[in-house]
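This report describes a protein model from its overall make-up down to single residues.

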Amino acid sequence: MKNNRGFIAISLIYSFFLMFLLTLLAIVANYAHNRILLNSAKTVIKEKLNGLSEFNPILLENKTYNVGETVYYADENWIVLLNSASDVRLILARGLNKDELTNNLSGEFSASQLNQIISNNTITMCTNWYTPIFCSYVSANVGFYNEYSWSISVVKKVLDNWFNENALLQKALARDSLNKMSFSDSKSSYEEYIRIATVNEYRDLNTKAWNLTYSRLNAGKSMLNVNGTELSASDSKLEVRPVIQVKKAI
């Protein structure tokens, strides 16, 4: 009898323990399921809010903007370069960081090549090894340099990829809220949605950022005019600051 009672007691204890474990597992499973549902709901809500223009305006307020004024647009601070009746030209108030420079060129160059042209948050305009695809310079011998133009510059490739991967700017583009800009690198004329500033468009001597204005070819080296100073496109490393033109709300 004593053995039977002991067996029954142990059976009851194990039964209660098993029930406890099953209850605990059910609670954890229910918690995990609710967390998944909550995260899913948060994602849907966030996507819906991002889709509303009042949360991420794709047009600028229809007013007069002063040159040099800071404007918040597409989750970034921009500086006004030009104000007109219908749109506003803006330059990013910061330079693209090292991760942005690297990530937007990772499909073009190897890691060792990226280390040659990128340092901290700065980059060369052209490569310092020869390539027929990008402007470049190794020596003044024919076949060892490729003269600069904006269309084949490293910085243009960075900007194009950055622009294409920017969800808010792509939303603005899809909804016809950006205007193309007509400009020149002093060699050729272009019409594009994104670029960097020309030499006389944004002159801030405290900002070491590239201008797209070509100066001359010096023994195979492409020289650019940056804030009135000639710099080698393949030797100098400067910031990249995008320029866009945004329509005003009607």
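## Basis of the model

The model is predicted: local features need pLDDT of at least 70, side-chain atom pairs count only at pLDDT 80 or more, and totals for chains, interfaces and linings use all residues. Residues are numbered from 1 along each chain as its sequence is written, and side-chain values use heavy atoms, with hydrogens and water left out.

## Overall make-up

The protein has 5 helices and 13 strands; these are DSSP runs numbered from the N terminus, with helices being H or I of at least four residues and strands E of at least two. Of its 250 residues, 40% count as buried. Buried means under 20% relative accessible area, exposed over 50%, and partly exposed in between, with a 1.4 Å probe and protein chains only.

The accessible surface comes to about 14,200 Å², and 55% of this belongs to carbon and sulfur atoms. Areas come from the Shrake-Rupley method with a 1.4 Å probe; for residues, only the protein chains shown count as cover. Among contacts (heavy atoms within 4.5 Å) between residues at least 6 apart in sequence, 55% join residues at least 24 apart.

## Nonpolar core

In soluble globular proteins, nonpolar side chains tend to be buried together. A nonpolar core is here a set of buried Ala, Val, Leu, Ile, Met, Phe, Trp, Tyr and Cys residues joined through side-chain atoms within 4.5 Å. The largest such core holds 57 residues, of which Tyr73, Leu90, Ile123, Met125, Tyr148, Trp150 and Ile196 touch the most other members. Helix H4 (residues 154–165) gives the most to this core, with 6 residues.

Not counting residues up to four places away in sequence, the contacts of Ile123 include Val154, Val155 and Val158. Leu101, Leu105, Trp210 and Leu238 are also among the residues that Ile123 touches beyond that range.

## The four-stranded sheet

An open sheet of 4 strands runs in the order S1-S2-S3-S13, with antiparallel pairing. Strand S1 (70–73) and S13 stand at the edges with a single partner strand each, so one side of each has no neighbour in the sheet. From one strand to the next, the twist averages 45°, an angle that runs from 0 to 180 degrees between N-to-C directions of lines fitted to C-alpha atoms. Two strands pair if DSSP finds at least two bridges between them.

Strand S3 (residues 87–92) is largely enclosed by the rest of the structure, because 6 of its 6 residues are buried. Asp87, Arg89 and Ile91 point one way from S3, while Val88, Leu90 and Leu92 point the other way. S3 pairs over 5 bridges with strand S2 (residues 76–83), to which a hairpin of 3 residues joins it, and over 5 bridges with strand S13 (residues 243–247). Leu90 is the bridge partner of Val80 and stands opposite Ile244 in S13. Ile91 has Val243 as its bridge partner in S13.

## Two buried loop residues

Ser177 lies in the loop between helix H5 (167–174) and strand S8 (181–184). Its relative accessibility is 1%, so Ser177 counts as buried. Leaving aside neighbours within four places in sequence, Ser177 is in contact with Ile58, Leu59, Ala172, Gln245, Val246 and Lys247.

Thr131 lies in the loop between strand S5 (122–123) and strand S6 (136–137). With 10% relative accessibility, Thr131 also counts as buried. Thr131 touches Ser136 and Asn146, not counting residues up to four places away in sequence.
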